[in-house]
Amino acid sequence: MAGNEQLIADIMGAQERLQQVFGYDRSDPLFSSHLTLSQFKILMLLSRNGNVSGGELARLLGVGLAALSGMVDRLVQQDLVVRSEDLHDRRVRRIGLSRKGAELIGSIFNAGEAKMRTLLSHLSDEELDLVARASLLLAKAAEESSSGEA
């Protein structure tokens, strides 16, 4: 088992080095957006969960409806989220990403993609195959891990 622990440590070390190389590219759209941490959390939750009711979003964020209302108001003013009536219950307001909000969160998630493509283009076919297989294994393990937590 000690061999596995060393391999895991090596992988984690390499991952940290990659994060340092890509850190600036990945953080640039986030820092230039001028979002507060709470606003960023709302956009991430909406990106993951789609349109949700105000109550559901407040629960996911861990805040009260009154606090959420002000945060959402500011995001609506920035044209990052939209409010709409629930089709089944007119008393419920649904909150979702606007096109501008979806583009912003997409740019944050995908920042550094060009640098990663350039980096990958320097690898041989065999090395790319190895990275692809390892990436698929990690994605599968992450999906299995997250479905087991639900």
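The residues that line the largest pocket divide into 13 nonpolar, 3 polar and 4 charged, where Ala, Val, Leu, Ile, Met, Phe, Trp, Tyr, Cys and Pro count as nonpolar, Asp, Glu, Lys and Arg as charged, and the others, Gly among them, as polar. The model is predicted, so that local features need pLDDT of at least 70 and side-chain atom pairs count only at pLDDT 80 or more, while totals for chains, interfaces and linings use all residues. Residues are numbered from 1 along each chain as its sequence is written, and side-chain values use heavy atoms, with hydrogens and water left out.

The volume of the largest pocket is about 730 Å³. A pocket is defined on a 1 Å grid over the protein atoms alone, as an open set of points where a 1.4 Å probe fits, with protein on both sides within 12 Å along at least five of seven lines; lining residues have an atom within 4 Å of a point. Grid points are joined across faces, edges and corners, and the volume is the space filled by probe spheres set on the points. The lining comprises 20 residues, of which Gln15, Leu18, Met116, Val131 and Ser135 lie nearest the centre of the pocket. Helices α1 (2-33), α6 (113-121) and α7 (125-149) each supply at least two lining residues, and the largest share, 10 residues, comes from α1. Helices (H or I, at least four residues) and strands (E, at least two) are DSSP runs, numbered from the N terminus.

The largest nonpolar core has 20 residues, and those with the most contacts inside it are Ile42, Leu43, Leu57 and Leu68. Such a core is a set of buried Ala, Val, Leu, Ile, Met, Phe, Trp, Tyr and Cys residues joined through side-chain atoms within 4.5 Å; buried means under 20% relative accessible area, exposed over 50%, and partly exposed in between (1.4 Å probe, protein chains only). At least two residues of this core come from each of α2 (37-49), α3 (54-61), α4 (65-77) and α5 (99-109), and α2 gives the most, with 5 residues. Not counting residues up to four places away in sequence, Leu43 touches Leu35, Leu75, Leu80, Val81, Leu97, Leu104 and Ile105, contact being heavy atoms within 4.5 Å.

Gln39 is placed in helix α2 and is buried, with a relative accessible area of 5%. Its contacts, leaving aside neighbours within four places in sequence, are His34, Arg74, Leu75 and Gln78. His34 is found in the loop between α1 and α2 and is exposed, with a relative accessible area of 68%. Although not a glycine, His34 has a positive phi of about 65°. Asp79, in the loop between α4 and β2, has a positive phi of about 60° and is likewise not a glycine; Asp79 is partly exposed, at a relative accessible area of 41%.

An open sheet is formed by 3 strands in the order β1-β3-β2, with antiparallel pairing; two strands pair if DSSP finds at least two bridges between them. β1 (52-53) and β2 (81-85) stand at the edges, each with a single partner strand, so one side of each is left without a neighbour in the sheet. β1 pairs with β3 (residues 93-97) in the antiparallel sense over 2 bridges, and Ser53 has Arg94 of β3 as its bridge partner.
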